[in-house]
Amino acid sequence: MKEAYDHKLFEKADYSETGLSGQEFENCTFKNCNFSNADLSKSRYIDCKLIDCNLSNAKISHAGLQNVTFLSCKIIGVDFSTCLPFLFEVSFEKCSLDYSKFIKNRLKKTKFKECTIREAIFTETDLTGASFDDCDLSNTVFSRTNLSQADFTTARNYSINLELNTARKTKFSFSGIVGLLSQYDIILE
């Protein structure tokens, strides 16, 4: 039976065994909750905040994420490409998004602030106007992705092949140029 929750606070709950598949949450806040390996498939989150939560390896197939804010969350190995694309909107601050996948996601103007996004995959993703403020992008893959007007000025450890991605008016710092030339066999001194 599908349950709907509105303006509710969930605190220190452990959903790693039970999951929340098929549930609906609107204007809810989750604090210090454990969703590791949880099944959140077919659930909907509208205008929700997740703070200090562990979502590592959570299954979010056909989940609706509409204006969802993640703050200080551990989101390791989550496949966001399986979410419903309709009204998909997320933002991340001080999160660990290592090994996560954003394949064919529409992430226009998405804010990634002070996050580690190591060995993640952005393939055929629309990151138009997105910002990667003080993010570590070590070994993250950008392939056939629209990076137009995205801001990488304070991001670090990225390697972006500009021949495989669209990057019109994309902002990079001078020190980040090394990450744009890494696919060439050249030596910078």
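Reply: A residue is called buried under 20% relative accessible area, exposed over 50%, and partly exposed in between, with a 1.4 Å probe and protein chains only. This is a predicted model, in which local features need pLDDT of at least 70, side-chain atom pairs count only at pLDDT 80 or more, and totals for chains, interfaces and linings use all residues. Residues are numbered from 1 along each chain as its sequence is written, and side-chain values use heavy atoms, with hydrogens and water left out.

Rings of Phe, Tyr and Trp (its six-membered ring) pair if their centres lie within 6.5 Å; planes under 30 degrees apart count as stacked, over 60 as edge-to-face, and the rest as tilted. Across the whole structure, 27 aromatic pairs are found. In one of them, the ring centres of tyrosine 5 and phenylalanine 25 are 5.1 Å apart and the planes meet at 10°, so this pair is stacked. It links distant parts of the chain, since tyrosine 5 belongs to strand E1 (residues 4–6) and phenylalanine 25 to strand E3 (residues 24–26), 20 residues apart. Strands (E, at least two residues) are DSSP runs, numbered from the N terminus. Tyrosine 5 is partly exposed because its relative accessibility is 23%, whereas phenylalanine 25, at 1%, is buried.

Phenylalanine 122 and phenylalanine 142 are also stacked, because their ring centres are 5.1 Å apart and their planes lie at 5°. This pair too joins distant parts of the chain: phenylalanine 122 in strand E12 (residues 121–123) and phenylalanine 142 in strand E14 (residues 141–143), 20 residues apart. Both of these phenylalanines are buried. One aromatic cluster includes Phe122 and Phe142, with Phe132 and Tyr158 also among its members.

Key: Helix = DSSP H or I, 4+ residues; strand = E, 2+ residues; numbered from the N terminus.
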